[in-house]
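Please keep the sequence and the 3D view open while reading.

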Amino acid sequence: MPRKSLRSSKQKANPVDDGGSRMTEKKFLTFSPFSTFLVQDDDNVNHKFQKNNICAILPSDRSPEESLELWQYWIGQVVEIRAEEHEDGTNTVWVKVKWFYNAQDTSSALKSFDASVIDPWERLESDMHDYVESLAFEDVVNLKTFDERDPFQSFIPRETFFSRYQLGYKSRQLKPKPSTTGCSCGQPYNPNDMDASMVMHFCPRPSCRRAFHQRCLVNAKSKESLNRTVTVIDPIKADTKAQASRKPRQSTSKQASLKQVGPTLSPRSLRLLACSPDTDEVVDLASLIPLTIVTQTAEDASDSSRPRKRARTSKQSSATQEALLEQPRSLVDVLGDMPGDLIRIAEQPLVRGGAFVHGGITGNICFVSRARQLVYSILEGEALPDDWESVIFQEEGTSIDNAIVTLKGATRSIPPVVCPNCQSAI
Ligand SMILES: [Zn+2]
Ligand SMILES: [Zn+2]
């Protein structure tokens with residue numbers, strides 16, 4: 001049944017409606033079915049529409065002469081196309097559409113919902129259908145689905161139609177429930193909130209996969225502190241633990257090499273890096289590195305107090321080979337060999353929000369998740385792909401600018417927040 005209040009077919013393009021009679025399912029089904037229809041614009045260019053296309057449709061209260069921004073159109077999906085044949089040989093093409101509601105439609109359908117969090121380009125997939133005359137169709141548009149809980153959600157730039165909720169018009173319910181996808185405060189993600197403290201930090205772990213407002217995390221003291229016991233993945237301890245069953249290492253040489261890598265690999269960075277989209281466990285980065293068989297020279301073996309040479313050095317001076325040793329490369333060495341930009345992306349917090357302008361609607365979530373997976377695979381001995389950037393930036397037009405968190409109007413650096421659920425760095 002067509003709705004009475006919101007949308008009737010565009011008046012100027014709908015002679016039947018002008019006559020006061022609405023299209024009904026019964027009447028529609030008496031017309032001949034078609035798979036496509038064409039609409040010619042003012043420049044005599046044909047626009048083709050077919051079943052399942054998601055289309056911009058001129059709102060009934062707008063004149064065809066008005067020039068509208070694309071986001072001002074109604075959005076509907078073509079469900080069925082039928083043509084009404086008239087006695088004079090002409091016909092009228094009618095299209096059954098499923099509506100995608102904008103913020104205004106949603107607030108009138110769902111009074112309890114704060115529609116101010118709905119972006120101008122956002123639409124809610126409704127369960128409501130209508131019959132629209134073909135001349136009201138403007139163009140086919142690209143509408144992306146946005147799953148707020150998916151750590152690999154493809155990047156959605158701003159000024160792109162997207163949909164994250166389904167609206168049951170009669171049941172007056174949203175799916176998924178906003179309270180299950182967002183922050184504990186209950187306020188859904190607002191892509192247009194320009195307050196830098198209102199960006200959301202996402203925890204990618206399988207049992208979390210929620211985003212929390214930075215302000216809510218700070219207010220709840222979900223932050224790392226100096227005496228916080230989150231040092232399981234402290235690089236030195238983790239490395240020592242990984243090597244314990246092999247041969248003890250001298251911690252002084254370890255600390256020295258850690259310094260060489262510089263501030264990029266701060267303990268906070270390593271904790272962010274160890275928060276994986278694939279496991280609820282803290283990733284023990286050092287333990288991912290496989291054992292390498294190397295030969296040891298007689299000179300090395302005679303002086304066990306000296307730091308061991310690295311694998312490649314040993315191979316080069318293997319004139320007096322004496323024994324085989326298993327020695328994994330250190331975490332710092334392997335990370336140090338990776339492109340600096342890859343590490344920089346992987347160690348970012350996963351953030352989305354209005355103040356993260358280059359993060360688009362979805363934020364840097366998929367880029368960082370992909371970068372972390374790539375870093376883990378390289379630690380495990382896989383080769384760095386030549387085109388590693390295209391592995392991370394799969395969406396056209398995206399680059400490292402979309403991955404590095406820079407917040408417009410931020411007066412302080414990003415606080416070291418943790419997930420209130422699993423306590424990992426986010
Ligand atoms: Zn919140
Ligand atoms: Zn978590």
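## A helix and its neighbours

Against which helices and strands do the buried residues of H13 pack? In this predicted model, the buried residues of H13 pack against the strands E13 and E17, and also against the helices H8 (267-273), H11 (331-337), H12 (340-346) and H14 (388-392).

Of the 15 residues of H13, 12 are buried, so this helix is largely enclosed by the rest of the structure. Among the buried residues are Ile-365, Phe-367, Val-368, Ala-371 and Leu-374, and the list also includes Arg-370 and Arg-372. The length of H13 can be checked too: at 1.5 Å a residue, its 15 residues should span 21 Å, and because its end C-alpha atoms are 21 Å apart, the two values agree. Just after H13, Gly-381 takes a positive phi of about 105°.

## The largest nonpolar core

The largest nonpolar core has 86 residues, of which Ile-57, Ala-371 and Ile-426 touch the most other members. Helix H13, which covers residues 365-379, gives the most to this core, with 9 residues. Both domain 1 (25-181) and domain 2 (187-225 + 267-290 + 328-425) give residues to the core, and therefore it lies between them.

Leaving aside residues up to four places away in sequence, Ile-426 touches several residues, including His-201, Phe-202, Cys-203, Cys-275, Leu-350 and Val-417.

Three strands form an open sheet in the order E14-E13-E17, and their pairing is antiparallel. Strands E14 (210-213) and E17 (351-352) stand at the edges with a single partner strand each, so one side of each is left without a neighbour in the sheet.

Strand E13 (residues 200-203) is joined to E14 by 4 bridges, and Met-200 stands opposite His-213 of E14. These two strands, E13 and E14, form a hairpin with 6 residues between them, and in the turn Arg-209 has a positive phi of about 50°. In a regular strand, side chains alternate between the two faces of the sheet. In E14, Arg-210 and Phe-212 point one way while Ala-211 and His-213 point the other way, and all are buried.

## The chain as a whole

The chain contains 14 helices and 17 strands, and 36% of its 426 residues count as buried. Among contacts between residues at least 6 apart in sequence, 68% join residues at least 24 apart.

Methods. Residues numbered from 1 in each chain as written. Chains lettered and ligands numbered in written order. Predicted model: local features only at pLDDT ≥ 70, side-chain atom pairs only at ≥ 80, totals over all residues. Buried ≥ 20, exposed ≤ 12 C-beta atoms within 10 Å, placed from the backbone. Contact = placed C-beta atoms within 7 Å. Pairing = 2+ DSSP bridges. Core = buried A, V, L, I, M, F, W, Y, C linked by C-beta atoms within 7 Å. Domains from an automatic or database assignment. Expected span 1.5 Å × (residues − 1).
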